[in-house]
Amino acid sequence: MLTVLLSILKIIGIILLCILLLILVILLLVLFVPVRYRINGYRKVNDDVPVRASARITWLFHILNITFRYPEEAFIRVRIFCFTVFSTQKSTDRKQAGKKKSKKEETESKKTVAEVKVISEKKQEAEKTESVKQEPAKEEIKNTPVPAEEKEENSEEKPALLKFIRKLFAILKNIKYTIRKICDKIKHIIKNIRYYIDIIKSDSFKNAWTVCGGKAILLLKSILPGKLTGNFTIGTGDPASTAQILSIWGILYPLIGNHINIVPDFNNSIIEGDFFIQGKITVFKVLKTAIIVYFHKDLRRVIRLFKKEAA
C-alpha cells in the first residue's frame, strides 16, 4: 500500500513540476522574446489606389501574427499558430449582403413613395378647397370692433422711465459682481502658479526628474524603430510655406536626415512618397521601467503634491 501511495504521489509531483516549468518557460518567453512590428505604405497621386498601407506584428517565430491592410476595407487578421482568432473578412461579407438587401429595399421604397405622393396630392387639393371656404369667416372676425375694456387696460401701463432706472441699477450690480469674480479668479490663478513653481524648484522633483526621465528616455530608445526609411515629394503650391517645411526638416536633419529624404516642389501642391518602419518591443524593459517609476518615492510625493493631497 505504501509503495502504491508513494508512486501516486511521485507521479503527481512530476506532473506539478512539469506544469510549473511550463508556466516559467511561458513567462520567460513573454518577458524576453521581443514583439516585432513592420509598417510600410505609399501615396501616389496618379495611381488607381492613391494610398496604400500595411502593418504586421509578430511574436515568437510568427506564432502570434497580426496583419493590417488598407484600402482593402481596412482588413485586420489575428492568427495564433495556423488558426485565425479574429478576421474582418466576415464583416465585409456581411456588409456586401447588407448592400444587396438595401438595394431591394430601395426598389420597394420607391414604389411606396410614389403611392404616398399620389395620396398627399389628393390631401393637398382637399385642404385648399377647405381653406377657400374658411377665408370669408376669417375676414368677418377681423372686421369685428375691439371692446372698450381692452383699451382701458392698455392705458394703465407703468411709466417707461421707472423701468429704465430699475434696469440700469440691475446692470450696475451685475458689473460690480463680475469684476469681483474676475479679481478672485486672478488671485486664485496666481496662487496656483506660485504653488507649482515651488514644487518644480523642490529637491524631490529634481530627483524624480533625473531618475524617471532617464529611464523614460531609455525606454523610448528601445521602442523606437531600428529601421526607418522614407522618400517624399512635398509641395504646398506656395514657395514660402514649402520653404518653411524644408526648414523644419533641416532642424530635424541630425535625427532623421540619413533615413528620410524630402524633394521639394515649389510650383505644385503635392504630397506623395513611400515609407518603411521596422522595430521591436521587449516586455521586460517596459515592465522594468514601469516598476522603477511607480515605486520611486520622490515621484509619488511629487504626484501627490501636484494633486494637492500632501500640500
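Cys212, Lys215, Leu219 and Ser222 of helix H5 are in contact with Lys285, Val286, Thr289, Ile292 and Val293 of helix H8; contact means heavy atoms within 4.5 Å. Helices (H or I, at least four residues) and strands (E, at least two) are DSSP runs, numbered from the N terminus. By class, this contact between H5 and H8 has five nonpolar, two polar and two charged residues. Here Ala, Val, Leu, Ile, Met, Phe, Trp, Tyr, Cys and Pro count as nonpolar, Asp, Glu, Lys and Arg as charged, and the others, Gly among them, as polar.

The model is predicted: local features need pLDDT of at least 70, side-chain atom pairs count only at pLDDT 80 or more, and totals for chains, interfaces and linings use all residues. Residues are numbered from 1 along each chain as its sequence is written, and side-chain values use heavy atoms, with hydrogens and water left out.

Axes are lines fitted to C-alpha atoms, for helices over the stretch in contact, and angles run from 0 to 180 degrees between N-to-C directions.

| Helix pair | Axes come within | Crossing angle |
|---|---|---|
| H5 (residues 203–223) and H8 (residues 283–294) | 10 Å | roughly 165° |
| H1 (residues 2–32) and H8 | 5 Å | roughly 85° |
| H5 and H9 (residues 297–306) | 8 Å | roughly 125° |

With axes crossing at roughly 165°, H5 is roughly antiparallel to H8. Angles under 35 degrees count as roughly parallel, over 145 as roughly antiparallel, 65 to 115 as roughly perpendicular and the rest as oblique. H1 and H8 are therefore roughly perpendicular, and H5 and H9 are oblique to each other.

Val30, Leu31 and Phe32 of H1 meet Val283, Phe284 and Leu287 of H8. That contact has six nonpolar, no polar and no charged residues.

H5 also meets H9: Ser204, Phe205, Asn207, Ala208 and Cys212 in H5 contact Asp298, Leu299, Arg301, Val302 and Phe306 in H9. These residues comprise six nonpolar, two polar and two charged.

Turning to the pockets, the largest pocket holds about 260 Å³ of space. Strands S1 (35–43), S2 (51–59), S3 (64–70) and S8 (269–281) each give two or more residues to its lining. A pocket is an open set of points on a 1 Å grid over the protein atoms alone, where a 1.4 Å probe fits, with protein on both sides within 12 Å along at least five of seven lines; lining residues have an atom within 4 Å of a point. Grid points are joined across faces, edges and corners, and a volume is the space filled by probe spheres set on the points. The lining has 14 residues, with Tyr37, Arg38, Arg56, Thr58 and His62 nearest the centre of the pocket.
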